[in-house]
Amino acid sequence: MANVILRDIRKSFGAVDVIKGIDLSIEAGEFCVFVGPSGCGKSTLLRMIAGLDTQSSGQIEIGGRDVSGLEPSDRGIAMVFQSYALYPHLTVRENIGFGLALAKRPKAEIAERVGAAAEALQLTHLLDRKPKALSGGQRQRVAIGRAIVRDPKVFLFDEPLSNLDAALRAQMRLELTELHAKLGATMIYVTHDQVEAMTMADKIVVLNGGHIEQVGRPMDLYDRPATPFVAGFIGSPK
Ligand code: ADP
Ligand code: MG
């Protein structure tokens, strides 16, 4: 696990300022949720931490290291997206191990790491299946498995549950919370769903229009919202 520090991060697309000066400190091992309405800049911020996008100005540190010039693969992070993007022609085992095979890791090591990830995600009995023979929740677990095998210091999730139905979302929320407890890794989790934020987070960062409205533990935000925006957003679960 590693801590993550953002210093005065700004991002413009052309003349449009999308991220307007974000300062934030995320502790090692923390489950930190970025929550806010659609278009407020959550994905853009996460993509800059991942290195998939470059900030216009400001500094990003992961584990005490300035990662600003580093490729995504050198940042010690793994990202899980809303669309699972599994390879349809590969088995669950091959999908989970794909990145390790690409990196030419020894076969025995790949087998061991895929086995451990599958066990953590209750996928062991499904390792020989193809994605089309899996449910939506199982597919999302495979996508998470692909992140786990890389043993990242920081997991980045961008709305990973929004394609799932309500019952499955509730179950996956619990599973992700358990996984966090088991792995002890730092997790940064983006959602527009305040229920997800309130139930999963150690720390919530409420974003609005490219800036931070408030940072705090779920109950702090609920009991003492800093702005009417936070009160309205947190106080009105769907
Ligand atoms: P969120 O994930 O909170 O819904 P995004 O980070 O995707 O929001 O987008 C924030 C704002 O930045 C939106 O207004 C969006 O249209 C704009 N934006 C995102 N990516 C680009 C891009 N590549 N080019 C231009 N504008 C973009
Ligand atoms: Mg988004």
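1. The model is predicted: local features need pLDDT of at least 70, side-chain atom pairs count only at pLDDT 80 or more, and totals for chains, interfaces and linings use all residues. Residues are numbered from 1 along each chain as its sequence is written, while chains are lettered from A and ligands numbered from 1 in the order in which they are written.

2. The residues around ligand 1 are F13, V18, G36, S38, G39, C40, G41, K42, S43 and T44. A residue is taken as near a molecule or strand if its C-beta atom, placed from the backbone, lies within 6 Å of it. Helix α1 (residues 42–50) gives the most to this shell, with three residues. Helices (H or I, at least four residues) and strands (E, at least two) are DSSP runs, numbered from the N terminus.

3. The UniProt record, an unreviewed entry, places the feature "domain: ABC transporter" at residues 4–234. Its positions are given in the numbering used here, feature names are shortened, and annotations may be inferred rather than shown by experiment. In the model, residues 4–234 are 37% helix and 26% strand, and the end C-alpha atoms of this span lie 25 Å apart.

4. The largest nonpolar core has 63 residues. A nonpolar core is a set of buried Ala, Val, Leu, Ile, Met, Phe, Trp, Tyr and Cys residues joined through C-beta atoms within 7 Å. A residue is buried if 20 or more other C-beta atoms lie within 10 Å of its own, exposed if 12 or fewer, and partly exposed in between, with C-beta atoms placed from the backbone. Which residues touch the most other members of this core? They are V33, F34, V154, F155, L156 and I188.

5. Leaving aside neighbours within four places in sequence, V154 is in contact with A2, V4, I62, G76, I77, A185, T186 and I188. Contact requires that the C-beta atoms of two residues, placed from the backbone, lie within 7 Å.

6. An open sheet of four strands runs in the order β2-β1-β4-β5, with antiparallel pairing. Its edge strands are β2 (16–26) and β5 (65–66), each pairing on one side only. Two strands pair if DSSP finds at least two bridges between them. Strands of a sheet pair through backbone hydrogen bonds, either parallel or antiparallel.

7. Within this sheet, five bridges join β1 to β4 in the antiparallel sense, and R7 has Q59 in β4 as bridge partner. Strand β4 (residues 57–62) pairs with β5 over two bridges, also antiparallel. I62 is bridged to R65 in β5, and E61 stands opposite D66 in β5. The hairpin of β4 and β5 has two residues between the strands, and G63 there takes a positive phi near 60°.

8. Strand β9 (residues 203–208) pairs with strand β10 (residues 211–216) over five bridges in the antiparallel sense. I204 has G216 in β10 as bridge partner, and V205 has V215. Two residues lie between the strands of this hairpin, where G209 takes a positive phi near 55°.

9. Strand β9 also pairs with strand β3 (residues 31–35), in the parallel sense and over four bridges. The bridge partner of C32 in β9 is K203. Is β9 mostly covered or exposed? Mostly covered: five of its six residues are buried.

10. D8, in strand β1 (residues 4–13), has a positive phi of about 45°. D8 is exposed because 12 other C-beta atoms lie within 10 Å. Q122, in the loop between α3 (107–120) and α4 (136–148), has a positive phi of about 55°. Q122 has 11 C-beta neighbours inside 10 Å and therefore counts as exposed.

11. D165 lies in the loop between β7 (154–158) and α5 (166–183). With 10 C-beta neighbours inside 10 Å, D165 counts as exposed. D165 and G137 are 28 residues apart in sequence, and their C-alpha atoms are 9.2 Å apart in space.
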